[in-house]
Amino acid sequence: MLLPRRPSAPLGTTGPAQKLVFNRVNGKRPPVLLQQVSAPEECYTLAHEENVRFVYEAWQQVEQQLDGSRSGDSACGPVQYVEKNPNPGLKNFVPIDLEEWWAQQFLAKIENCS
């Protein structure tokens, strides 16, 4: 716990503004608040990492095959689905850019902490 040092000049005297100085009790530092504010570290299991790797690699294959079928390299492969009759309720739909959204959330969290 930090205690303020008592002002040396009596109250009511005019002069430069007093600066508040805090002394350490028993030479101990106060607890760091950043440890309480920061989010806990996320733990990923081996199975989780394996699943993420599998989905990532499979999606990369699909994208490569889709690019190949667009350029006419292969006769068979993945087919991109396009609705023939789009839903009129989704006419003004704009997909969200998750990377941009996460970046904005991160910056907002930093601004709120400072």
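I began with burial: 2% of the protein's 114 residues count as buried (under 20% relative accessible area; exposed is over 50% and partly exposed lies in between, with a 1.4 Å probe and protein chains only). I noted that this is a predicted model, where local features need pLDDT of at least 70, side-chain atom pairs count only at pLDDT 80 or more, and totals for chains, interfaces and linings use all residues. Residues are numbered from 1 along each chain as its sequence is written, and side-chain values use heavy atoms, leaving out hydrogens and water.

Next I looked up the elements. I found three helices and two strands, in the order β-β-α-α-α from the N terminus. Helices (H or I, at least four residues) and strands (E, at least two) are DSSP runs, numbered from the N terminus.

The protein exposes about 11,800 Å², with 58% of it from carbon and sulfur atoms (Shrake-Rupley method, 1.4 Å probe).

Which residue did I check in helix α3, residues 98–113? I picked W102, which sits in that helix. W102 counts as exposed because its relative accessibility is 55%. W101 has 34%, so I wrote it down as partly exposed.

How many aromatic pairs does the structure hold? I found one. The ring centres of W101 and W102 are 4.9 Å apart and their planes stand at 75 degrees, so I call the pair edge-to-face (centres within 6.5 Å; planes under 30 degrees are stacked, over 60 edge-to-face, the rest tilted).

How values were computed. Rings of Phe, Tyr and Trp (its six-membered ring) pair if their centres lie within 6.5 Å; planes under 30 degrees apart count as stacked, over 60 as edge-to-face and the rest as tilted.
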